Each structure stands twice: as C-alpha cells, then as structure tokens.
Amino acid sequence: MLGKFVIALGVAAALMSSASGVAAQQKPHRGGVLTAAMDLEPATLDPAFGNAPGKDRSVYMQIFENLYYQAADGTLTPQLAESWVLAEDGKSIVFKLRKGITFHDGTPFDAKAVKFNFDRIVNPDVKARARQFVVDMVSTDIIDDSTVRVNFRAPSGAVLAGLANEAGMIVSPTALQANPDGFARNPVGTGPFRFVSWRGGDRITVERFKDYWGKAPDGDQLPYLDGVVTRFIANSAVKIVEVRSGNVQLGDTILDKDYAQIESDPNVDVFPNHVGTAQFSSFNLTRPPFNNIELRKAVAYGINREVISRVVTGGTGVVTATFEPPSSWASDPNLKPHAYNPELARKHYAASGHKGAITLSVIQRDPDTRIAQIIQSQLAEVGIKLNIETLERQAWLDKVLSYNYDMALQRANTPRVDPDMSFSTYYSRNAGSNYPGVRDEAIFNAVDKARSMNDQKERAKVYSDIQRMLLDNYYQTYFFFRSNVDIIRTEVHDVGRDFSGQWFFTQAWLEKAD
C-alpha cells in the first residue's frame with residue numbers, strides 16, 4: 001500500500017521536496033508541530049562528529065544545510081550555493097554562494113563561513129569524523145564574499161557526494177567559536193528550523209526559523225510547520241501504537257510483520273524508502289577469541305541466514321554476500337554469502353581450540369535483539385555457546401569502537417550516496433568506524449585506489465576485490481538486506497527524502513483537522 005505518499009525524485013526552487021498525489025493539488029496549511037519517531041538518537045548535533053552516517057541526517061537537515069545536496073534521484077542540487085564549476089583537472093570546485101542568508105544566530109552566511117567550516121573538517125587537530133567522507137579535500141580559498149574555491153589533492157569519484165552530506169553541512173562560526181564544547185548540544189545552522197532543546201534519551205525539539213531564506217515554488221515563505229519534535233523510540237511495536245494513536249505522525253523503519261495492522265487503519269499509511277538496511281556482524285580481530293580465523297569460520301558456518309531473513313522479514317528480505325545490496329553498483333553478483341554448513345562449523349570450532357562462551361554485543365532495538373536470539377539458538381546447535389549483551393546505542397558504540405567486545409551485531413543503511421562513504425568509513429586506514437579492527441594493507445590500498453578513480457565500472461571492480469577480501473578473511477559475516485518502510489499518518493503531507501533516504505521537512509505540512 002503506497003497511499004498518497006511517494007518519494008521525491010525532483011526538486012523545485014532549489015529546495016528538497018516530495019510529491020504526494022491528492023496533497024499536491026491542495027494549498028499547504030501553515031502551522032502545527034510535526035512529531036516524528038526514530039529508532040536511533042544522534043550522539044551529537046554537530047554534523048562533523050556524527051557517528052551514524054546518513055541516519056543522523058533526518059535530524060541534521062532540520063537545522064543545517066549544505067552548499068548542495070543530493071536529491072532522491074542522485075542529482076546534485078543547489079542549496080546554499082547557487083552554482084558551481086568543477087575544474088577540468090578535477091582538482092577543485094568553484095562555488096558561487098547565495099546572498100542574503102543568515103544563520104539562526106544572525107551571523108551572515110558568506111565565503112568566510114564556508115572556509116571556516118571546510119578548514120575545520122580538514123584540520124587534523126580537530127579529528128572530525130566527517131573528514132573520512134572528503135579525505136581528498138585539502139583547502140578552501142576565498143575569491144570574494146560570495147565565491148569560494150575548494151581544492152583537492154587529486155580527482156576523486158567520492159568527494160562530490162561527500163560534500164553533499166555531513167562533511168559539507170555548514171555551521172555558524174560565531175556559535176561554534178563562542179561555545180566550542182557545548183555546540184554539539186546547542187547547534188546553529190541556516191536550515192528551516194532553529195534548535196530549541198534536546199532531552200537526552202527522549203526527544204529533540206526545533207521551531208520554525210522565521211528568517212529562513214527558502215521559498216516554495218509558488219513564492220510562499222518556508223517552512224510551513226511551526227516546529228518538529230523528534231522522539232526516540234527503539235521498539236517498533238511502541239512506535240506503531242504511538243503513530244496510530246496520533247501522538248506521533250511519522251515513524252521510521254517498521255517491520256514487515258506489522259504491515260497488516262497498518263493496512264487495516266484508515267488513518268495511517270506506509271511510506272516506502274529507496275534505501276534499505278543491511279544486517280551483519282563484526283568480529284573483534286584485535287584480541288582473542290576472534291583473532292583466530294578458525295573460530296570466525298565456525299561462527300559464520302553455523303548461522304543460517306535464510307532462516308533469519310525469513311523470520312525477521314516474512315520472506316521479503318534478501319540474503320546478501322556483504323552489506324552492499326543488489327541495487328548498488330558496487331554489488332558483485334558473483335560474490336557468494338558465507339555458507340550455512342553445521343558440519344563445517346563443528347570442524348572449524350574444534351580446530352580453533354576455543355572453549356567456553358563468546359559474547360554478542362547488541363543495540364537494544366528491533367529487530368536486532370530478535371536476530372541475536374536466533375543466532376544464539378543456531379550456534380548452540382553446533383556446540384558454540386553464545387551470550388547476548390544488550391546495550392543502549394551509545395554504550396554499544398563506546399564498547400565496540402574501543403574494541404572491548406567479542407562479536408557485535410550491527411546494521412547499515414545502504415546503498416550509500418557513494419560506496420566510498422561505506423568503504424572509507426569502515427575499512428580505510430583512518431576509518432572512523434572500523435568495527436572489526438581491520439589491519440589489512442591490501443584492503444587499505446584498495447579503498448584508497450577506488451576513491452581516486454572516476455570510472456564507475458573500474459571502481460566497481462575494486463570494490464568487488466575489497467568485499468572478496470572481507471569474505472575470505474571472515475573479518476565480518478553478513479546476513480541479509482531488508483527494505484526500509486516507514487509509517488505516516490494521512491494528515492501529513494510533503495515529507496521528502498534525500499538520496500540517503502532520510503527525511504526533510506522543508507515543505508512538509510499538516511492537514512488542518514475539521
């Protein structure tokens with residue numbers, strides 16, 4: 001059931017927007033507060049340090065903007081920049097900036113602000129996590145108040161997409177310099193909404209920025225909403241109850257098993273996403289017991305991916321060799337998933353010499369906890385005792401990224417804007433999210449090589465090589481890919497998505513109750 005909501009594929013007046021059947025013919029109603037529910041809470045509201053690439057953007061895009069963004073069809077579309085020109089040698093871009101824009105604190109948006117932001121991203125002392133998306137960016141030059149040139153060390157097939165995401169989000173220099181330690185919880189941007197409050201573990205509240213520069217195609221001042229409240233609800237069933245009751249108007253990533261109750265409710269609809277979720281696990285390669293490839297093979301052979309996918313998705317999921325889904329140009333159909341083979345699992349477990357239990361660290365959210373329980377049952381059948389450790393997301397991140405774990409269950413929204421946003425994030429020399437602790441020069445070199453190439457077919461071959469090395473070394477083991485589907489109330493109109501699949505509310509509006 002697609003209802004009256006479809007994914008935005010185009011953009012009018014240089015603003016992100018979404019199409020909606022009947023709603024598109026109605027005059028948008030001004031006012032009201034939209035309440036949305038997400039399963040993951042950002043660790044920070046400073047986009048330079050976000051640790052959930054893509055996912056955090058549903059909150060970031062309420063407050064911040066880029067020079068350009070990537071629309072749902074992949075088109076790079078002007079936002080804070082009016083236009084740009086890529087140099088013939090591919091080593092620089094000149095941006096012509098919009099004039100008359102101010103940050104929420106009244107600071108002018110201009111070339112100085114852009115240079116401040118991009119210099120911060122590339123500054124090695126800052127250690128911005130978003131740096132991994134634009135590793136080839138080296139400097140920014142001010143040409144005049146409304147013109148900047150961004151320079152790269154080499155042509156890159158990934159840097160354009162990187163600038164359209166967290167690395168290219170522009171924050172207020174004044175606010176950041178005035179409160180460098182507190183900016184992550186008091187963000188200031190140029191976006192359609194101004195930050196109000198963050199009640200940790202519960203919700204983030206923003207309100208309409210009355211001096212927002214954006215206009216609708218008919219000239220109306222944007223945004224239409226008075227504000228947005230983003231609540232954090234990890235449990236899918238609770239999220240659906242809240243949407244059906246009207247306490248929440250929009251909820252992310254519902255499970256296939258819940259479609260029936262949505263179908264039966266005339267007040268709610270599904271809101272499909274062009275981005276899905278890959279489910280997989282990392283082994284901690286930096287210490288025992290999983291610095292032992294025999295044990296990694298034993299666990300991989302002991303997991304029946306088809307069963308997990310069928311139970312969790314009701315048959316709609318697809319078992320994949322890696323986190324790249326079939327829809328990604330970086331996916332190689334010749335790569336085969338790790339096989340389910342109980343006999344080989346027992347053989348490799350015996351060869352590993354391991355005794356006792358191993359622990360799987362899991363974030364408290366659906367369907368991860370259910371997947372963990374299935375894996376626990378399956379491994380028990382081949383003689384491997386698995387304990388499950390369930391943690392809140394930040395505690396999980398702290399544990400896993402400090403390599404204080406055995407095995408970690410995780411997921412990723414894929415395909416990304418560019419494959420490099422996954423491969424550099426996970427497997428480059430300076431990766432911010434190298435969950436397994438990969439120390440493999442062949443993989444590092446391949447990631448660098450793919451990033452430096454512009455020919456998509458040749459890049460795809462390199463990404464295939466990287467994925468083959470990951471599989472052959474059992475650094476991680478991959479399960480399945482599932483479609484992302486959200487739930488939305490019928491009175492909500494024109495919620496859009498960018499290419500990463502995340503929401504934006506620039507032109508969203510709520511139908512006035514009778």
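## Stop one: the aromatic rings

Start with Y426, which counts as buried at 6% relative accessibility. This is a predicted model, so keep that in mind as you click around. Across the whole structure, a search turns up 23 aromatic pairs.

For one of these, select Y301 and Y474: the ring centres sit 6.3 Å apart with the planes at 45°, so this pair is tilted. Trace the chain between the two and you'll see that the pair links distant parts of it, 173 residues apart. Y301 belongs to helix α7 (residues 293-301), while Y474 is in the loop between α14 (456-473) and β19 (476-489). Y301 counts as buried at 15% relative accessibility, and Y474 does as well, at 9%.

Back to Y426 and Y427. How far apart are the centres of their rings, and at what angle are the planes? The answer is 5.7 Å and 65°, so the pair is edge-to-face. To see what else goes with them, select F280, F323, W329, W396, F423, Y435, Y463 and Y478 along with Y426 and Y427: together they form one aromatic cluster.

## Stop two: arginines over rings

Show side chains for R185 and W198. R185 lies over the face of W198, at 3.9 Å from the ring centre. Then jump to R497, which lies over the face of F271, 4.1 Å from the ring centre.

## Stop three: a glycine in a loop

Next, pick G168, in the loop between α3 (159-163) and α4 (173-178). Is G168 buried or exposed? At 0% relative accessibility, it counts as buried. Leaving aside residues up to four places away in sequence, G168 touches E65, N66, L67, F118, G162 and L163.

The largest pocket has a volume of about 370 Å³. It is lined by 20 residues, and the closest to its centre are R131, Q132, V135, S428 and N430. Helices α2 (111-122) and α13 (441-452) are the elements that give two or more residues to this lining. By class, the lining has eight charged, six polar and six nonpolar residues.

Finish at the second largest pocket, with about 310 Å³ of space. Select D39, E41, G201, E392 and R393, the closest to its centre of the 15 lining residues. This lining divides into seven nonpolar, five charged and three polar residues.

How values were computed:
Residues are numbered from 1 along each chain as its sequence is written. This is a predicted model: local features need pLDDT of at least 70, side-chain atom pairs count only at pLDDT 80 or more; totals for chains, interfaces and linings use all residues. Side-chain values use heavy atoms; hydrogens and water are left out. Rings of Phe, Tyr and Trp (its six-membered ring) pair if their centres lie within 6.5 Å; planes under 30 degrees apart count as stacked, over 60 as edge-to-face and the rest as tilted. Helices (H or I, at least four residues) and strands (E, at least two) are DSSP runs, numbered from the N terminus. Buried means under 20% relative accessible area, exposed over 50%, partly exposed in between (1.4 Å probe, protein chains only). A charge sits over a ring if NZ of Lys or CZ of Arg is within 6 Å of the ring centre and within 35 degrees of the ring normal. Contact means heavy atoms within 4.5 Å. On a 1 Å grid over the protein atoms alone, a cavity is a set of points where a 1.4 Å probe fits but cannot get out, and a pocket is an open set with protein on both sides within 12 Å along at least five of seven lines; lining residues have an atom within 4 Å of a point. Grid points are joined across faces, edges and corners, and a volume is the space filled by probe spheres set on the points. Ala, Val, Leu, Ile, Met, Phe, Trp, Tyr, Cys and Pro count as nonpolar, Asp, Glu, Lys and Arg as charged, and the others, Gly among them, as polar.
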